[in-house]
Amino acid sequence: MNDFSQSLQLIAAEELLTVVGLILLLAAAWMGDKGSRVISIVAVAALTACAFIAAPTLCQGAMGPDRVAFSGQYTADAFSAFAKILIYAAGGAALIVAPAFFGRAGSNGQSAMRAEYPVLVLFAVLGMNMMVSATDFLTLYIGLELNSLAAYVLAAFLRSDERSAEAGLKYFVLGALASGIILFGMSLTYGFTGSTNFTAVALALDGAMSTGALFGLIFVLAGLAFKISAVPFHMWTPDVYEGAPTPVTMFFATAPKVAALALTMRVALDAYGSQAAAWQQIVIFVSLASIIVGALGAIGQSNIKRLLAYSSINNVGFLLIGLAAVTQEGASAMLVYLAIYVAMSVAGFVVVLMLRDADDNPVEAIADIAGLSRTRPALAWALAAVMFSLAGIPPLFGFWGKFVVFQAAVNADLLALAAIGIAASVIGAFYYLKVVKIAFFDEPANVVSANGETGADAIGHKVLLLLSCIFISPLGYLLTPWLGDLADKAAAALFFAG
């Protein structure tokens, strides 16, 4: 009984999200769409409370048997706390920017904001919590599906837009396929190891690896590669990012990305850690392929959301360099990069949300932002900061994310991987700089309205953009000791579990 009560204490954040989510679901049914703003505020408050619950676990570097719940199916250690805090921040940002977007996206003057939106975000975050804390394949799958089911609805949330419906359908079909691939890999792993627990699987795979177990590993990693939109399982990303409502696209580019990458790290280093040699070459290939395909694919894009989708694929490639190192330093570097990546993505999509024409319609064509520096100079400079940071150009903070993963690769004797990654990052710089060139040096297209947003929703956009831009600016380097220390504690917890 004591073990059960301790387990319930360890999942306090998940309990809070569950209770608040169910209450808000009832409130949405009773209040209707007119209660969407209140429901969103309560949802943001719940995510903030969850972040405060996770913070002590991370700051103390909590790890070990006393952080394991439900007989080894779940762990509330510093690693999961680091990922959860990023997920809560990204989820909160997606809730803050939603009312302004959906308020203008409806037909016949009606708001498209629905009371279900914040509820779906909460349940998606709950599933992500389970994903990053899972130490058993069954817990992993439950969390993955809870997140995915909410995400499918969110992608198709804008019912009046055919692109949104198409994005939801594509995401559902391909997501279901990926879930099936993961489930098949899990069944093979269970069949050849006799367990679904990560620690037991690692012990069973220690030594010679059977062909069946190897296939299980490959299928699980292939399914996870879809979830993180890594090449060659990236095909859905540009279409879904373009078609989904922009607040949802921002959510997809941040929170689920963090959860899927953290899950991939735990599965690779915990469950399959004793067979790192079997998957390291796969990760190296996927990493380089994602960097190159993401960079080359972005060059010809004319829609800024599709460009950010390929940028996301490109960044996943850089992140996987840290995993390919198979070291604690590499895991820490991935977490540092993830934190910076979330800030860059939030800033980038907030800029996209603020690009409106004179009729208050969204502007997504890259050609239409020509001359932005003369009509909306502050927005143009924010866009330039995001692009330079994504390109990894110093002194912006995005450079530090790339630097730490390359340093981890070099220290792990992966010199060729680091060298190719550095060379390929130059390709990516081309399309980022192209956006800046169009915004600052081309003749004004006079499409983006010179009048900025007004009202409470505009304040939320501006505050989010300001905080994100400060974080990715050179001022972000002041946080490197603190961020590096937290990432080291989280990585130590991951390797302790392994």
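In which hand does H10 pass H13? The crossing of these helices is right-handed. Keep in mind as you look around that this is a predicted model.

Let's stay with that pair for a moment. H10 covers residues 236–243 and H13 covers residues 304–324; their axes sit 8 Å apart and the packing angle is about 140°. That angle makes H10 oblique to H13, because a pair has to go over 145 degrees to count as roughly antiparallel. If you want to find the contact on screen, pick out Thr 237, Pro 238, Asp 239, Tyr 241 and Glu 242 on the H10 side. Across from them, H13 brings in Lys 305, Arg 306, Ala 309, Tyr 310, Ser 312 and Ile 313. Sorted by class, the residues of this contact come out as five nonpolar, two polar and four charged.

H9 runs over residues 211–227 and H11 over residues 246–271, and their axes cross at roughly 160° and come within 9 Å. An angle over 145 counts as roughly antiparallel, so that is how H9 and H11 are arranged relative to each other. This crossing is left-handed. The H9 side of the contact is Val 220, Leu 224 and Lys 227, while H11 supplies Ala 260, Leu 263, Thr 264 and Val 267. The class breakdown here is five nonpolar residues, one polar and one charged.

Is Ser 229 buried or exposed? Its relative accessibility is 0%, so Ser 229 counts as buried.

Ile 292 sits in H12, which spans residues 276–299. Ile 292 and Val 231 are 61 residues apart in sequence, yet their C-alpha atoms are 9.3 Å apart in space. With a relative accessibility of 32%, Ile 292 counts as partly exposed.

Back to H13, this time for Leu 320, which lies in that helix. Leu 320 has 4% relative accessibility, so it counts as buried. What does Leu 320 contact, leaving aside its neighbours within four places in sequence? The answer is Ile 228, Ala 230, Leu 261, Val 283, Val 286 and Ser 287.

You'll find Ser 133 in helix H5, residues 116–133. With a relative accessible area of 0%, Ser 133 is buried. Not counting residues up to four places away in sequence, Ser 133 touches Gln 73, Tyr 74, Thr 75, Ser 80, Lys 84 and Arg 266.

Here's where the database annotation comes in. In an unreviewed entry, UniProt lists residues 134–428 as "domain: NADH:quinone oxidoreductase/Mrp antiporter transmembrane". In the model, the span 134–428 is 77% helix and 0% strand, and its end C-alpha atoms lie 34 Å apart.

Pro 395 is in the loop between helix H16 (377–391) and helix H17 (398–411). A cis peptide bond joins Pro 394 to Pro 395, with omega about 10°. Then go to the loop between helix H18 (415–441) and helix H19 (456–472), where Asn 446 lies. Asn 446 has a positive phi of about 55° even though it is not a glycine. Buried or exposed, then, for Asn 446? Its relative accessible area is 64%, so Asn 446 is exposed.

Conventions
Residues are numbered from 1 along each chain as its sequence is written. This is a predicted model: local features need pLDDT of at least 70, side-chain atom pairs count only at pLDDT 80 or more; totals for chains, interfaces and linings use all residues. Side-chain values use heavy atoms; hydrogens and water are left out. Axes are lines fitted to C-alpha atoms, for helices over the stretch in contact, and angles run from 0 to 180 degrees between N-to-C directions. Helices (H or I, at least four residues) and strands (E, at least two) are DSSP runs, numbered from the N terminus. Angles under 35 degrees count as roughly parallel, over 145 as roughly antiparallel, 65 to 115 as roughly perpendicular and the rest as oblique. A crossing is left-handed if the near helix is turned anticlockwise from the far one by less than a right angle, and right-handed if clockwise. Contact means heavy atoms within 4.5 Å. Ala, Val, Leu, Ile, Met, Phe, Trp, Tyr, Cys and Pro count as nonpolar, Asp, Glu, Lys and Arg as charged, and the others, Gly among them, as polar. UniProt positions are given in the numbering used here, feature names are shortened, and annotations may be inferred rather than shown by experiment. Buried means under 20% relative accessible area, exposed over 50%, partly exposed in between (1.4 Å probe, protein chains only).
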